[in-house]
Amino acid sequence: MLSKIIKRKKGSKSEGAVIPVPSPPDVICNHASRIAGAPDANANSASGLAESQSHVVCLANAPPNPAVEVLPLLKEVSPAQRHVLFVRKLQICCLQFDFTDTVKSVREREIKRQMLSELIDLVHTGSCKMNEVMQGDLVRMISANIFRCLPPPSTAGGDGGDPEEDDMFMDPSWPHLQLVYELLLKYVLSAETDTKVAKRYLDHTFLLKLLDLFDSEDSREREYLKTVLHRIYGKFMVHRPFIRKAINNIFYRFIFETEQHNGIGELLEILGSIINGFATPMKEEHKLFLVRALIPLHKAKCVADFHQQLSYCIVQYVEKDYRLADIVIKGLLKYWPVTNCSKEILFIGELEEILEVTQPAEFQRCLVPLFKQIGRCLYSFHFQVAERALFLWNNEHIVELVALNRRAILPIIFQALERNMQGHWNQAVHGLTSNVRKMFLEMDAELFKECQRKNEEKEASAGELVEQRELKWKRLEEAAKRAGG
């Protein structure tokens, strides 16, 4: 009896010694590193284990510094192996290369380019539906490539120079960056992308880093960023207030601190479409954004770089709510340039666009300070400023507004018109002034003659004042001589 019991104990120990107990992480890591090789007899069981533990197979715990090698296409492997191969490809795509040296790592860069192109096609067609872990790994790979320290500016910003005349910066790594941006765009646009899942990875931190990249000097990158951010704004409604606030903060930093930023124009283009979608009546938050951010952008020295986009946003506001015209016009007059003539021409053009959508009631509220400034422009010695101001009378809507308020407007600008007729050096300005005078004469001949009489009296009194001033100076000089003698 005792011998039987001893035999049973020995048998149980020997059976326990031959049972293999593999470590799941080791199995997963080994198959992740060998996925490019030929499948062995245990491939199906290993892939099944990887599929059952998909939360372990991810980019975060993949082995570092992978060897860059040609891997099979995702559509050529079984669905069980696809997840592990997907992570392997993402890990290789995370590698960074030196693109300043055209000879270095040519093979590795080409392999990465092909993998990125495959991932773009995969996301675009939806041939491989990605689970939540795969989407997170995809966004991590994209972040590893695009989020980087931007090089210092090659030229001093804020001078308002023409970007077409300057040497445009071309990022040498753009051939790969473009593919990464295209992959991000396809991911955002894909019908397979669930916003509830994607918003966990395209979070506030991701968006802030994305907005920081708008300061890139490469215009191609800024164009992609503009498209991507616009699509994110349209698809992820939960992020809309945060995106508007973040853009607002960029504008504040630009206006009050640096006055240097390469992406103001692109951000304003996004805002143009956002403002176009504002519901009416407009929220107080949106009106504050107009007053505190958009209007103060006019004071920037380099406003010519983004004035077209800024003017579009301003006009969109007035079209949405006509009562804002008075605020906008007075804000424009507040930042009106004094010595920068090219900037002044831009302001007159924007003013014309605003007046085209201005109602008579709002026009009456601001016409006195408005036409005082227009009068100064009419008599500008810079002929382009005077010419552009006189062209306002070619706009039918503006002429109608002026005709309704001619008794308040003509006395303000009459002196500038008379000075142009008497002594402006440019013949084109002289001819345009003559046309405007004739227009006012036809509107109200009696008012015109009254203004003419008052102007003559004013000039006569001004001559007397000059004589009195000269007489006072002579008396002071004589008094000074007597005191000194």
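This report describes the fold, the nonpolar core and several individual residues of a predicted model.

**Overall composition**

The secondary structure of the protein chain consists of 22 helices and zero strands. The chain has 485 residues, and 43% of them count as buried. When contacts between residues at least 6 apart in sequence are considered, 74% join residues at least 24 apart.

The largest nonpolar core comprises 125 residues, and F251, L294 and W393 have the most contacts inside it. Helix α7, spanning residues 174-189, gives the most to this core, contributing 10 residues. With its neighbours within four places in sequence left aside, F251 is in contact with I264, L267, L268, L271, F289, A293, L294 and L297.

Helix α7 has 16 residues and reaches 22 Å from its first C-alpha to its last, which is close to the 22 Å expected at 1.5 Å a residue. Because 12 of its 16 residues are buried, α7 is largely enclosed by the rest of the structure. The buried residues of α7 include W174, H176, Y181, E182 and V188. The helices against which the buried residues of α7 pack are α5 (106-125), α6 (132-146), α8 (195-198), α9 (204-212) and α10 (219-235).

**A pair of packed helices**

Two packed helices are described by the angle between their axes and the distance between the axes. For helix α15 (residues 325-334) and helix α16 (residues 341-356), the axes come within 11 Å and cross at roughly 170 degrees. Since an angle over 145 degrees counts as roughly antiparallel, α15 is roughly antiparallel to α16. On the α15 side, the contact is made by V328, I329 and L332, while α16 supplies F347, E350, L351, I354 and L355. Seven of the residues in this contact are nonpolar, none is polar and one is charged.

**Backbone features in two loops**

Most residues other than glycine have a negative phi, and most peptide bonds are trans. In this model, E259 has a positive phi of about 55 degrees although it is not a glycine. E259 is placed in the loop between α11 (240-258) and α12. A cis peptide bond, with omega of about 0 degrees, joins T280 and P281. P281 is located in the loop between α12 (264-276) and α13 (284-294).

**Residues in different surroundings**

| Residue | Relative accessibility | Class |
|---|---|---|
| R244 | 15% | buried |
| E259 | 22% | partly exposed |
| Q427 | 62% | exposed |

R244 lies in helix α11. Not counting residues up to four places away in sequence, R244 touches Y233, I274, E285 and H286. One of these, Y233, is 11 residues from R244 along the chain, and the C-alpha atoms of the two are separated by 9.3 Å.

Q427 has its place in helix α21, which covers residues 427-443. Along the chain, Q427 and F383 are 44 residues apart, and their C-alpha atoms are separated by 9.4 Å. Q427 counts as exposed because its relative accessible area is 62%, a value over 50%.

Methods. Residues are numbered from 1 along each chain as its sequence is written. This is a predicted model: local features need pLDDT of at least 70, side-chain atom pairs count only at pLDDT 80 or more; totals for chains, interfaces and linings use all residues. Side-chain values use heavy atoms; hydrogens and water are left out. A nonpolar core is a set of buried Ala, Val, Leu, Ile, Met, Phe, Trp, Tyr and Cys residues joined through side-chain atoms within 4.5 Å. Buried means under 20% relative accessible area, exposed over 50%, partly exposed in between (1.4 Å probe, protein chains only). Helices (H or I, at least four residues) and strands (E, at least two) are DSSP runs, numbered from the N terminus. Contact means heavy atoms within 4.5 Å. The expected span of a helix is 1.5 Å times one less than its number of residues. Axes are lines fitted to C-alpha atoms, for helices over the stretch in contact, and angles run from 0 to 180 degrees between N-to-C directions. Angles under 35 degrees count as roughly parallel, over 145 as roughly antiparallel, 65 to 115 as roughly perpendicular and the rest as oblique. Ala, Val, Leu, Ile, Met, Phe, Trp, Tyr, Cys and Pro count as nonpolar, Asp, Glu, Lys and Arg as charged, and the others, Gly among them, as polar.
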